[in-house]
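Take a first look at the model below. Keep the sequence at hand while you read.

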Amino acid sequence: MIDLVSLARPWKPKRQGSLRNRIIVNSIIILLVLVIATSYTAFASFDLARSVELLFRNSISMEELRATLRETQESLTGYLSAKNSESLKDFIRTSTSLSNMELKLNKENKLDDVFLLEKDLAFLVDSYLVSAEGAVQAKRGRNVTQYVSLYEEARQTASLIEFLSTKMDTIHLGQSLKGFSSYKANISLALVSNAVLLLAAFLLSIALIARYSYTITEPLARLSVAAEAVGRGEYDHPLPPYENEDEIRTLHDAFVNMQDSIQKAFAELTRKAELERSLMEERMRVLTYQHRLKDAELLALQTQINPHFLYNTLSAGWQLALAEGNEKTAEFLEKLAAFIRYALKPSTRFVLVSEEIECVRQYIWLLKLRFGERYRFRIEVQDEALGNETPALVLQPLVENAIAHGLRDIEDGGDVIVSARMEGETIRLSVSDSGKGMAKDDILRALSAADPEDTTPQRGIGLHNVVRRVALATGGLGKVEIESEPGHGTRITIVLPVGKPI
Amino acid sequence: MLPIVVFAVAMIGALAFNIALVSRSRSALASTILRNPAGIRTARFHIAAIIPDAVDPFYGHLVEGLREEADRQNAALQVFYYSASAIGEGSNPSEEVWRWFEIALRSKTDGIILFQPKGMEIGRFAAEAESAAIPFVPLAMDAPAQWTRSGVSGDSFSQGKEASSLVLGLLGSAARMGIILSADTSQGYALAEEPFYRGVMEMIKNRPGASIVAAVREEESILGGEDACARMLSGHPDINAILCIDAKATIGAAQVIIDRGIVGQVVIIGSDENSEVNRLIEKGVVHASIVRDAAAMGRSAVALAVGQRIGIRKPERISVGYHVKPERGATP
């Protein structure tokens, strides 16, 4: 498996969001600049509003002070001339108001012309109140000379207050006008600079948007072209380098890594395919060897049971027996020779069931010649089975085994039954005996010969031979079944498919 | 990239310009209308100065000197201006001067400085200030005889001598001088009694041939100097030197000389200085100017008032000097 992670470039989290951060920071800066400009303009407007309010308030305050002073002076005059209590009450009320106003005025030596004027005014009002109250007290004390003098002093001071407050109004207005003029001159330019600022901010925003759009879309377009090329199979399509440290770089690097990974993956797959092809060829070679080995094995088995020279020898013996007039021997040799001729033919051939049964009959004749009536043979054949094909020389070894192993140690001989019959789509050829039966291990060992890879050592070569040849000749479609119980005989059945074998 | 840089610079520049302009606008309001008493420094002393509202730069320099010294003495200076025609009936000050004086007196200031035009009677001012225990310092172009205690003045007599000395140095016995004196606020104050005139006379009395051909007073108006000079030259075309009592007369005389195309034929010795006088000196229209040290007068007056207030100085009479511009022998 390809380790894609190891192929990838080192991950750089710092790139994450850098482009987005730049966009956000730029937007915030522009907004901040506009907010600052707007705030400054708003502060200036607020100051202007306060100034106008203060101007009116000062003007009204001065006017109220003058009005209160006049009322005080009138009530003082009224009291001094008529000495009635109403005038006195009015004087006390208005002088108190005047005193309260005086308290609000500056009395310090401020380094400012207007505040110094306020101080002058405060002291004048104070001086006026002292004179006026002194006049009232003198009036009460009936000191005519004093209250006349103090009244005159109060009147003169009142005149000065009127004069000074009027001057202050003028000065206030003059200073205000100067301030407003300066404000207007500057604020007019500020409005122009505001317009320039807004225009510059607008153009800067447009320029930034255009730049970021290009920054984002241009590399994406290149990536898109490269992706299309990869889609067409051009896995080595070159992608121009991308220098900026941002999300596009991450995408770019990931794409380049993907290209590398795909190319390496393809190289790996190609190498594997080549390897598998080599393995397949090797396997084919091994199979060929195995096939040849089987052929050699079959040939060896065939050689084991059918020495060729016997046929020629027997033929010579038969001719000799005829020449000597020994008919019984001649018949024996004739049948033996016929049997051997049948057996000498290639064991891989297929023969008719009838031919195989005939071979078994000849073999039984030979056995009877040897053993007499010790063994009883019976052949049960269905006619339908005779026309089908079977691997050659599969029944004779089973009959031989039945005599040699099943019935050999039984004194009164036994029965051997050979049958051939159809069962469904199969032909069943069987050899059964009434002998001592087979052990389970022997049965399993014998049936294991059906496996081509089997190398288990065999005691009964004939059975092993039959099982192996049935399996090989039918390509595994045919099989051998063994039914046996110790002391109750053995039945070996060759089951073959009907029709031409594989 | 270039447009972004350009627009960014434009935006930041516009922002800075905008902030500067708005700050100036707010400062304009803050310094005139929205003054915060807590943000304004409080001085130890309060000095009131009552000064003529005259166009002559002398008074401008005088106020500069007053402010300079007030700042140094930690004093808040309050300047009250009265109209130049401040002399009322007889030699009495005008009602306007009285009002300012009364205001300064009742405000319990730490000193009152009053510029005294020629002929103004100030005895009552001094008496009232003394009864209120407020230092009173009168100022005058020339110390009047009535000053008995305190005062700061210039020296027009010496100024006249210096001016005529310069003329005599140039023209010698051929000098035929015309003199422009300041507006007559003394109502009948004789020309020959003017200290400046007397200084000139003093200088030429030993120089036979040199003479004062004419002397006129300038009107108290912007074009007073020109008018006076024109009148004088019309009546006396043989004048070859004009001596001026102040900057206004100097500028007016120079203008007449230029208009008549006689620059170089008539020597102008001016008084005081401002940018226009200096320019005329540089151009050679005005030969020299006798610069009275008005700022020194202002500085001396404030220092004297504060000194008396805190008891470290006693009333005294101070005469400030002058200097010649350009200095003798120097090239304009």
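Predicted model: local features only at pLDDT ≥ 70, side-chain atom pairs only at ≥ 80, totals over all residues.

Residues are numbered from 1 along each chain as its sequence is written, and chains are lettered from A and ligands numbered from 1 in the order in which they are written.

Start with chain A. Its secondary structure comes to 13 helices and seven strands. Helices (H or I, at least four residues) and strands (E, at least two) are DSSP runs, numbered from the N terminus. Chain A has 502 residues, and 28% of them count as buried. Buried means that 20 or more other C-beta atoms lie within 10 Å of the residue's own, with C-beta atoms placed from the backbone. Among contacts in chain A with a separation of 6 or more, 69% come from residues 24 or more positions apart. Two residues are in contact if their C-beta atoms, placed from the backbone, lie within 7 Å.

Now turn to where the chains meet. Chain A brings 53 residues to the contact, and chain B brings 38 residues. On the side of chain B, α1 (2-32), β1 (45-52), β2 (75-82) and α3 (95-106) each supply at least two residues. The most comes from α1(B), with 19 residues. By class, this side of chain B has 22 nonpolar, seven polar and nine charged residues. Nonpolar here covers Ala, Val, Leu, Ile, Met, Phe, Trp, Tyr, Cys and Pro; charged covers Asp, Glu, Lys and Arg; the others, Gly among them, are polar.

One helix pair spans the two chains. The axes of α5 (residues 144-231) of chain A and α3(B) come within 10 Å and cross at roughly 105°. Axes are lines fitted to C-alpha atoms, for helices over the stretch in contact, and angles run from 0 to 180 degrees between N-to-C directions. The two helices are therefore roughly perpendicular to each other, a label for angles of 65 to 115 degrees. From α5(A) come T157(A), L160(A), F163(A) and L164(A), and from α3(B) come R99(B), E102(B), I103(B) and R106(B).

Last, find the sheet in chain B. Six strands form an open sheet in the order β2-β1-β3-β4-β5-β11, with parallel pairing. Strands pair if DSSP finds at least two bridges between them. At the edges lie β2 and β11 (317-319) of chain B, each pairing on one side only.

Note on methods
Parallel < 35°, antiparallel > 145°, perpendicular 65-115°, else oblique. Buried ≥ 20, exposed ≤ 12 C-beta atoms within 10 Å, placed from the backbone.
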